[in-house]
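These are my notebook entries on a structure that I had not looked at before.

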Amino acid sequence: MTDDSETILTLRRERMVLEQLEQRGVNDPQVLGAMRKVPRHFFVPVEFVEDAYKDGPLAIGEGQTISQPYVVGSMTAHLHLTPDSKVLEIGTGSGYQTAILAEIVKVVYSIERIGTLLAQANQIFQKLKYENIKTRLGDGSLGWPEEAPFDAIVVTAAAKSIPEKLVEQLHLGGVMIVPIERGIHGQQELIKISKTKEGIETKSLYPVRFVQLKSDTVN
Ligand code: SAH
């Protein structure tokens, strides 16, 4: 890519952060900083590089999508991360959300069920020199028990109900963000789950549209 096209993409990214995040109420400085830095165009298929900073999801192959920038920013802000947070992501997909998390915390764990997508994401992590991302191929609804508990868990595929195994792997005081299917017409809501001494608190954030959280692994 030429220097000129890199500059244009950087300007588009600045604009994405301003118009799609700040102006819509995402104002956590560490999230904005990460989204200003991570080159989203590396995480989309080559034919979509021109669309990488647009306000929407994009197809990444295997019937999956890279989430809309606003959704990535807003979900990350709701996790209330600190540099010491231990975070688990379910659904690596393109790896974009993983990279955003990796800019904020020391180490990110991410699980993907489709082998080809995970291999591609791992290649991009290497190219961009993210050494603090640990990935695993498998069913993320089972979590990553050897590394539990986590301070924050973000699920980037829609579950039919609150994934109990993931709640178990959440630290007391920890937060999980998960899209949950509601009703019979494919509606989904983004849910924030906080684990407290008294039990689980759930809060509905806003309607979303994610691919389904599936339970079988595809190698
Ligand atoms: N965070 C990703 C979202 C990708 S779409 C991004 O922004 O690019 C959701 C991803 O979840 C898909 O790649 C899909 O294969 C994966 N997925 C679905 N069910 C899963 C499961 N049970 N375990 C792990 N990954 C799963």
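I began with E62, which I found in the loop between β1 (58-61) and β2, where helices (H or I, at least four residues) and strands (E, at least two) are DSSP runs, numbered from the N terminus. Phi of E62 is near 60 degrees, a positive value in a residue other than glycine. I noted E62 as partly exposed because its relative accessibility is 48%; buried means under 20% relative accessible area, exposed over 50%, and partly exposed in between, with a 1.4 Å probe and protein chains only.

This is a predicted model, in which local features need pLDDT of at least 70 and side-chain atom pairs count only at pLDDT 80 or more, while totals for chains, interfaces and linings use all residues. Residues are numbered from 1 along each chain as its sequence is written, and side-chain values use heavy atoms, with hydrogens and water left out.

I then looked up H80, which sits in the loop between α3 (69-78) and β3 and has a positive phi near 50 degrees, again in a residue other than glycine. H80 counts as exposed because its relative accessibility is 51%.

In the loop between β5 (133-137) and β6 (150-155) I found P149, and a cis peptide bond, with omega about 0 degrees, joins A148 to P149.

My next entry is on Q20, in helix α1 (residues 3-21), which counts as buried because its relative accessibility is 7%. A polar atom of the Q20 side chain lies 2.9 Å from the backbone oxygen of Y53. Leaving aside neighbours within four places in sequence, I listed R15, Y53, K54, D55, P69 and Y70 as being in contact with Q20, contact meaning heavy atoms within 4.5 Å.

For the interior, I looked up the nonpolar cores, each a set of buried Ala, Val, Leu, Ile, Met, Phe, Trp, Tyr and Cys residues joined through side-chain atoms within 4.5 Å. The largest has 51 residues, and those with the most contacts inside it are M35, F43, L81, Y96, I177 and L190. Helix α4 (residues 96-104) gives the largest share of this core, six residues. A second, separate core of 17 residues includes I90, M176, I180 and I193.

Where is empty space left? Rolling a probe the size of a water molecule over the atoms shows this. On a 1 Å grid over the protein atoms alone, a cavity is a set of points where a 1.4 Å probe fits but cannot get out, and a pocket is an open set with protein on both sides within 12 Å along at least five of seven lines; lining residues have an atom within 4 Å of a point. Grid points are joined across faces, edges and corners, and a volume is the space filled by probe spheres set on the points.

A search of the whole structure gave me one cavity of 30 Å³ or more. The largest cavity has a volume of about 350 Å³, and of the 31 residues that line it, G91, T92, G93, E112 and T156 lie nearest its centre. Strand β2 gives the largest share of this lining, three residues.

The largest pocket has a volume of about 280 Å³, and among its 14 lining residues H41, F42, F43, V44 and I124 are the closest to its centre. Helix α5 (residues 115-127) gives the largest share of the lining of this pocket, four residues.

Methods
A polar contact is a pair of N or O atoms within 3.5 Å; within protein, one must be able to donate a hydrogen and the other to accept it, and residues adjacent in sequence count only if both atoms are side-chain atoms.
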